[in-house]
Amino acid sequence: MSNEELFQAAVKAAERSYSKYSGFSVGAALLTADRKLFTGCNIENASFSLTNCAERTAFFKAVSEGYTDFSAIAIAGSGTDDFSKPCFPCGACLQVMSEFCGNDMRIVLSDGEYKLSDFLPKRFCEESMK
Ligand code: THU
């Protein structure tokens with residue numbers, strides 16, 4: 001699957017966004033190491049802090065189905081139907097990603113491909129507690 005195809009899967013996933021409070025739709029498309037695709041959208045709540053981001057929805061779907069090895073995630077976010085502006089992953093999602101992914105995890109945005117280490121060069125992880 002090309003980066004463009006993965007990004008379009010994220011745009012499609014944003015159609016399911018439940019974002020009545022912010023009006024900002026986000027979709028994520030997560031590719032496992034064995035090339036299975038999990039998608040997710042942001043799911044908001046009247047109690048705002050309970051909102052789940054699109055990336056974490058995709059990760060939790062995949063992990064709960066037994067997949068823990070990943071190669072790439074595409075993220076698309078917009079307040080309209082124009083997804084051309086890059087939607088950077090939030091810190092909480094980067095921390096969740098870092099639990100399962102190495103520095104070279106590919107993060108595909110509208111403006112190209114990044115690595116997890118571009119956004120999170122240092123991480124709190126299991127090693128940090130030893
Ligand atoms: N959002 C995501 O889904 N992913 C991110 O990485 C950043 C923010 C969502 C949360 C909320 O529903 C909306 O975007 C506005 O913050």
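**A chat about the sheet, its helices and the ligand**

Me: In what order do the strands of the open sheet run?
Reply: The order is β2-β1-β3-β4-β5, five strands in an open sheet with mixed pairing. Please note that this is a predicted model.

Me: Which are the edge strands?
Reply: They are β2, residues 37–41, and β5, residues 112–115; each of them pairs on one side only.

Me: And how are neighbouring strands turned against each other?
Reply: On average, neighbouring strands of this sheet are turned by 20° against each other, with direction ignored.

Me: Take β3 and β4. In which sense do they pair, parallel or antiparallel?
Reply: The pairing of β3 (residues 70–78) with β4 (residues 106–109) is in the parallel sense, and three bridges make it up. Within β4, Arg 106 stands opposite Ala 72.

Me: On to the helices. Which strands does α1 lie across?
Reply: Helix α1, residues 3–13, lies across β1 (25–32), β2, β3, β4 and β5. Relative to β3, helix α1 runs at about 50°.

Me: Which residues of α1 are buried?
Reply: Leu 6, Phe 7, Ala 9, Ala 10, Val 11 and Ala 13 are buried in α1. Their cover includes β1, β2, β3 and β4.

Me: Why do residues three or four places apart in an α-helix point the same way?
Reply: An α-helix has 3.6 residues a turn, so residues at that spacing point the same way.

Me: What about α2, which residues are buried there?
Reply: In α2, residues 54–64, the buried residues are Ala 54, Glu 55, Arg 56, Thr 57, Ala 58, Phe 59 and Ala 62. These buried residues pack against β1, β2 and β3, and also against α3 (91–100).

Me: Which residue with a positive phi follows α2?
Reply: Gly 66 follows α2, and its phi is near 100°.

Me: Now the ligand. Which residues surround it?
Reply: The ligand is surrounded by Ser 22, Phe 24, Val 26, Asn 42, Glu 44, Thr 51, Cys 53, Ala 54, Glu 55, Phe 88, Pro 89 and Cys 90.

Me: Where does Glu 44 come in?
Reply: An N or O atom in the side chain of Glu 44 is 2.5 Å from an oxygen atom of the ligand. Asn 42 has a polar side-chain atom 2.9 Å from a ligand oxygen atom. For Ala 54, a backbone N or O atom lies 2.9 Å from an oxygen atom of the ligand.

Me: How much of the ligand's accessible area does the protein cover?
Reply: On its own, the ligand has 370 Å² of accessible area, and the protein covers 78% of that.

Note on methods
Residues numbered from 1 in each chain as written. Predicted model: local features only at pLDDT ≥ 70, side-chain atom pairs only at ≥ 80, totals over all residues. Heavy atoms only, no water. Pairing = 2+ DSSP bridges. Helix = DSSP H or I, 4+ residues; strand = E, 2+ residues; numbered from the N terminus. Axes fitted to C-alpha atoms, helices over the stretch in contact; angles between N-to-C directions. Contact = heavy atoms within 4.5 Å. Buried < 20%, exposed > 50% of the residue type's maximum accessible area, 1.4 Å probe, protein only. Near = heavy atom within 4 Å. Polar contact = N/O pair within 3.5 Å; in protein donor to acceptor, adjacent residues only side chain to side chain. Areas by Shrake-Rupley, 256 points an atom, 1.4 Å probe, with all protein chains shown as cover.
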